[in-house]
Amino acid sequence: MSGGQAEGAALAQAIVAAHAGGFTGFAPEPLPPPTSGAPVYRAALAAASQLGFIAQDAECIARAWAAQSVRTGRFDPAQWPHDAQDFGLASRASRASGPAFAECPQALGLYAVLPDAEWVGRMARAGVPTVQLRFKSDDRAAIAREVRAAVAAVQDTPALLFINDHWREALEAGTYGVHLGQEDLDALAAPDLDTLRTSGARLGVSTHGYAEMLRASQARPSYIAMGAVFPTTLKKMATAPQGLARLAAYAQLTRGYPQVAIGGIALEHFPQVLATGVGSIAVVRALVAAPDPEAAAARLLQAMHPPRAP
Ligand SMILES: Cc1ncc(COP(=O)(O)OP(=O)(O)O)c(N)n1
Ligand SMILES: Cc1nc(C(=O)O)sc1CCOP(=O)(O)O
Ligand SMILES: [Mg+2]
């Protein structure tokens with residue numbers, strides 16, 4: 001090992017030593033091919049991989065760490081990067097990154113993700129402030145029907161309605177917002193994204209790590225969803241559960257956006273999830289698999305807004 005390599009390995013170990021106690025529970029990932037020769041970049045790439053970040057996220061962390069060192073003029077292994085500028089995360093507030101989607105509340109509160117319009121109405125009437133229709137079907141007529149039924153179901157309630165996946169039907173029905181996954185966003189042609197934005201509909205985007213957050217920010221959505229926090233049995237996830245320490249880091253990075261935490265979240269997790277700073281928690285099974293969904297909604301709403309200590 002050359003002197004330079006030994007020095008780089010020591011920097012990487014210093015980062016790992018400072019953060020291994022926080023980012024626990026992840027097996028090391030293979031070291032991706034470096035895209036820069038800068039010593040801080042290379043050390044952070046090795047450390048992030050050692051801490052279990054997948055290649056695309058290790059690359060984001062390494063680039064952010066190098067940018068942070070240049071900006072501050074020093075390398076501190078304890079200083080995990082959190083600055084949006086260092087990551088190149090597009091800001092919602094700055095016009096320089098292009099027009100933004102319409103605003104939604106900074107705190108969307110309890111967010112129920114629901115399989116059909118009947119559930120949407122039921123949870124809106126139970127007082128859930130944000131609801132999503134997540135209706136999985138390839139039948140265009142059935143989708144349009146379900147979206148219209150969901151709009152009607154929230155009409156006499158204050159609930160904000162997002163439609164998952166089916167953005168054209170959502171625009172036709174005039175819903176409050178649309179939620180898209182990364183693949184949906186990638187598949188959307190620029191003119192379609194413009195149509196969606198200029199319609200005034202709010203846009204929420206799913207993310208599962210740093211690289212996806214940077215990608216989502218390019219669209220300057222109304223909110224950023226971060227998951228899966230814990231293991232979920234609802235669907236097969238391409239990425240590991242991210243856990244609370246990563247969620248806290250993601251929330252710090254994306255604090256210019258309203259944030260939604262999702263994935264495997266149950267009542268007992270609410271205090272720790274809220275402590276990361278997110279303003280909204282999305283759940284599926286905690287409501288639809290509950291023996292008494294209205295009573296479950298009441299408990300989750302209370303956990304979302306715990307009374308302040310006197
Ligand atoms: C609030 C919220 N966050 C994430 C998702 C997941 O959306 P997506 O990635 O589009 O995956 P599917 O839900 O379509 O399987 C969501 N629906 N809501
Ligand atoms: C639909 C969905 N999207 C996720 C993501 O991480 O993008 S996790 C998830 C399932 C959430 O269901 P439950 O609360 O029952 O675990
Ligand atoms: Mg989707």
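Helix H10 (residues 210-218) is largely enclosed by the rest of the structure, because 7 of its 9 residues are buried. Buried here means that 20 or more other C-beta atoms lie within 10 Å of the residue's own; 12 or fewer makes a residue exposed, anything in between makes it partly exposed, and the C-beta atoms are placed from the backbone. The buried ones in H10 are Tyr 210, Ala 211, Glu 212, Met 213, Leu 214, Ala 216 and Ser 217. They pack against H3, H4, helix H8 (182-187), strand S5 (202-207), strand S6 (223-226) and helix H11 (243-253). Contact is a simple criterion: two C-beta atoms, placed from the backbone, lie within 7 Å. Helices (H or I, at least four residues) and strands (E, at least two) are DSSP runs, numbered from the N terminus. Just after H10, Arg 220 has a positive phi of about 45°.

Before going on, keep in mind that this is a predicted model: local features need pLDDT of at least 70, side-chain atom pairs count only at pLDDT 80 or more, and totals for chains, interfaces and linings use all residues. Residues are numbered from 1 along each chain as its sequence is written, while chains are lettered from A and ligands numbered from 1 in the order in which they are written.

Now for the sheet. The strands S1-S2-S3-S4-S5-S6-S7-S8 form a closed barrel of 8 strands, with parallel pairing. Neighbouring strands of this sheet are turned by 25° against each other on average, direction ignored. Strands pair through backbone hydrogen bonds, either parallel or antiparallel. To count as a pair here, two strands need at least two bridges found by DSSP.

Take S6 as a way in. S5 and S6 pair in the parallel sense over 4 bridges, and Val 205 sits opposite Ile 224 in S6. In a regular strand the side chains alternate between the two faces of the sheet. S6 is covered on both of its faces: Tyr 223 and Ala 225 on one side, Ile 224 and Met 226 on the other, all buried.

Strand S1 (residues 109-114) pairs with S8 in the parallel sense over 4 bridges, with Gly 109 opposite Ser 280. Strand S7 (residues 259-262) also pairs with S8 in the parallel sense, over 3 bridges, and Ala 261 has Ile 281 as its bridge partner there.

Ile 163 stands opposite Val 178 in S4.

What does UniProt list for "binding site"? An unreviewed entry lists Gln 132, Leu 133, Arg 134, Phe 135, Lys 136, Asn 164, Ser 206 and Lys 235. UniProt positions follow the numbering used here, feature names are shortened, and annotations may be inferred rather than shown by experiment. Leu 133 is in strand S2 (residues 130-133) and counts as buried, with 30 C-beta neighbours inside 10 Å. Not counting residues up to four places away in sequence, Leu 133 touches residues including Leu 114, Leu 161, Ile 163 and Asn 164. Arg 134 lies in the loop between S2 and helix H6 (140-154). Arg 134 is buried too, with 21 other C-beta atoms within 10 Å, and its contacts beyond four places in sequence are Val 113, Leu 114, Pro 115 and Asn 164.

Asp 165 and Asp 184 are also listed by UniProt for "binding site", again from an unreviewed entry. They span 20 residues in sequence, yet no two of their C-alpha atoms are more than 7.1 Å apart, so they gather at one spot. Asp 165 is in the loop between S3 and helix H7 (167-173) and is partly exposed, with 17 other C-beta atoms within 10 Å. Asp 184 belongs to helix H8, and with 16 C-beta neighbours inside 10 Å it is partly exposed.

How values were computed
Axes fitted to C-alpha atoms, helices over the stretch in contact; angles between N-to-C directions.
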